[in-house]
Amino acid sequence: MARRLIYRTAAAFTALALAFSAAEAAWPEKPITITVGFGAGGTTDVAARAVGELLSKKLGQPVVIENRPGAGGAVAATALTKAAPDGYNLVATTSTTIALDPQMTALGYKLDDFTYIAAIGDFPEAFIALPKHGWKTLGEAFAANKAKGTLNYASTTSLDRMMTKVLGKQVGLNLVPVPTKGGAEAVTQVLGGHVDLAYSSGAYYPQAKAGALSVLAVLSDRRVAGLPDVPTLMELGYGVSSVNLILYIAPKGLPADVTAKLTAAFAEAGADPSTVALMEKRSLNNIVEVGDKLEKTIRAHAASYQKMIEAAK
Amino acid sequence: MSDTLLGFGDALQPLNIAFIVLGVLLGYVIGVLPGLNRPAALAIAVPLSYYMTPLSAVAFLIGIAKASGAGGATTAILINTPGEPNAAVTCLDGYPMAKAGKAIKALKVALYGSVFGDVVGTLALIMLARPLAEFALRIGPIEMTTIMLFALTLIAALAGSSLLRGLAAGAFGVLLATVGLDLESGTPRLTFGQVELLDGVPLLAVTIGMLALSEMIIQAEGVIAKREEPVANLPKSDDNKFGWREFMHVLPTFSLSSVIGTLIGILPGLGPTVASFAAYAAAKRLAKPGEEFGKGEIKGVAAAETADNAVVPASFIPLFALGLPGSVSAAILIAALTIHGVIPGPRMFVEHERLVSGIFGTMLVTAMVMLVVGRIGLVGFAQLTRVPATMIIPVVTVLCLLGAYLESRSLFAVQLTIGFAILGYIMHRFDYSRITFLIGFVIGPQFELSLRQSIIISGGDITVVAQHPLAMGIVVIAIGAGLYFMRASRA
């Protein structure tokens, strides 16, 4: 009886030990799910699907892409905080979902709730206007309306409202945001001549290439690859910038070895020629950052947004 | 020119037609089944299309987008449950027709109207894309506000037995539409701390709950109380012919509704549901003596179905002319094209002439495929009337809950859907129109957005309307229509 118990215990321990070592060695042993915080067909979705396919080749497991749109990615991010940190649940969203939105609206997550895996590509956000005004840069647009004292622009996010508030204070102009449903509508409002300027995160690109729109300034830290002549806000001397990355995150407390494998796979996927070509097509800047460096970047974004919120008050 | 011909040739390739047929079949199934909706279907289909050639992907997606609109009428007519929200108005006359034994006739007019509207919208896209898009650009926030005002007067036209209760239901719809983040300040309104509500109450939960699921409760009650004959034993009528005479009879309705649908389609933010409401109201307004709308008038079915199908191709006009999506379907088409390196917009006609004409050819072929598939399917679908309600009710209920879940993959949407089903049932019991509720709910957000944009742009000065002749014209029509509808509904 006693011997039998010993055998059984030993067997159970062996099984357990095997199971543990298997778990350590074998990740990933089942499909990985990337939940996209936006609808199917958007830029984030298209990018995540392309990256997902490369990941599945590198990791030897299928990568399933699901869409869970809502509140600018916040619905997916909130759900992720409740998921297990086992490396099978990732979220793809924009970096502002994490770095800015919780500072603007009460949301169920904060910076510390995530493990930062990778960022691949950033949006070519810009200020646009109709060419008929003859404005070459944002400064010229501001100067032309100095006497009027006010300038309206089609707005799409809380980020652009905050930035223009800071800009307006600097140049002594009342920049009035006209809210829109999103990028496409903002561009339409400018094309139809209903507003003076618009902030657009990328929908303007084909029209700008066709010459129907002037791009006055890029918001990112560096120029947009497809529009090498357009200066950044920093270069124009406004001292503000906004970089919006396509971000891949996991729940906090992800095991170190899983994190290492994931970040390595993402880094490879980001450098793949097919990803580079895709970013070019979607007019995204080719940026790849992973792991600790990325976390520092996101924290720096959050800090600069906080400063901007203060400055906008 | 030769590229254009080659493009049309591409559209007729067997493989391309195969993808159209596949898309149309899938679209029809989605359209017919209540609960499963076009956005959900497209969201599922997009990833599949990534692996196809650009034209095949477009053929597949267009097939789904077009056929789901046409299929939505089937269950609206047969079991008073719209398969798609835009078929809600089809119920008003379609179901009474079915009850009078003219189900097949109603299905035929719905199908022919759908194809008619679709062809008109497609031809407008092919021939008038550029001028229509230029026209759409001229519609600014101020014009849009007046259009929305006009659309709200439809509440009076479709209020049913009591104008007051119709208005109350419409106002309730507008109120629910205010849930979500405030447009300007970003402050959450009526969300009670729910992140899921930040974007507003999901349209799908409202439409599935209010229109489909609540109808199942109503029918279940009828079966249990044996007050009403179960759907199965509908009488058969000899009046199921739809020939040349009938076609000529509804041709004016087909034509007017196609124009209404096309015009609404090119304006972003309105969509097929508003188009079917507007066309129905227009047809009712132009009713001749002896035509009783709401009691099985064939023109009612014709108006709703024609307009809602004209919207789909028309909503592609801003996409092809300007590169800007005018609808969910158009946004998804952009994705399908860009993944293959084609950037939609004005330069597309020059850079990808063959592909563009291939897409146009594909859209025309899709209309023909819809006609054939729909005509064959009609015979089968008509058998639905012989399925007992005790089978239909549980199946539709499961589909509704599944559809609600699939869209957002959250139980929250399912709970909301059930909540709206109960609300819809209560509204039905006390004779508050679910249709006017839907008008308020669908139009509310766009009305608020346009109004607030106008106030900002004009600096709060209402006299600027005088500088917008188009807006002035629409205001006058809106006031006239509003007064007329109110008088008519009192009479």
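This is a predicted model: local features need pLDDT of at least 70, side-chain atom pairs count only at pLDDT 80 or more; totals for chains, interfaces and linings use all residues.
Trainee: Which helix of chain A gives the largest share of the side that touches chain B?

Mentor: In this contact, 38 residues of chain A meet 39 residues of chain B. The elements that give two or more residues to the chain A side include helix 2 (43–59), strand 7 (174–179) and helix 8 (183–191) of chain A. The largest share, five residues, comes from helix 8 of chain A.

Trainee: How many residues of the side of chain A that touches chain B are nonpolar?

Mentor: Sorted by class, that side of chain A holds seven charged and 13 polar residues, and its nonpolar residues number 18.

Trainee: Within chain A, which helix gives the most to the side of domain 1 that touches domain 2?

Mentor: Chain A is divided into domain 1 (30–122 + 244–312) and domain 2 (126–218), and the centres of these two domains, taken over C-alpha atoms, are separated by 28 Å. Their contact takes nine residues from domain 2 of chain A and 10 residues from domain 1 of chain A. On the domain 1 side there are six nonpolar, four polar and no charged residues. With four residues, the element of chain A that gives the most to that side is helix 12 (residues 291–312).

Trainee: How many residues of helix 13 of chain B are buried?

Mentor: Helix 13 (residues 298–314) of chain B reaches 25 Å from its first C-alpha to its last, close to the 24 Å expected. A residue is buried if 20 or more other C-beta atoms lie within 10 Å of its own. By that criterion helix 13 of chain B is mostly covered, the count of buried residues being 17 of 17.

Note on methods:
Residues are numbered from 1 along each chain as its sequence is written. Chains are lettered from A and ligands numbered from 1 in the order in which they are written. Two residues are in contact if their C-beta atoms, placed from the backbone, lie within 7 Å. Ala, Val, Leu, Ile, Met, Phe, Trp, Tyr, Cys and Pro count as nonpolar, Asp, Glu, Lys and Arg as charged, and the others, Gly among them, as polar. Domain bounds come from an automatic or database domain assignment. The expected span of a helix is 1.5 Å times one less than its number of residues. A residue is buried if 20 or more other C-beta atoms lie within 10 Å of its own, exposed if 12 or fewer, and partly exposed in between; C-beta atoms are placed from the backbone.
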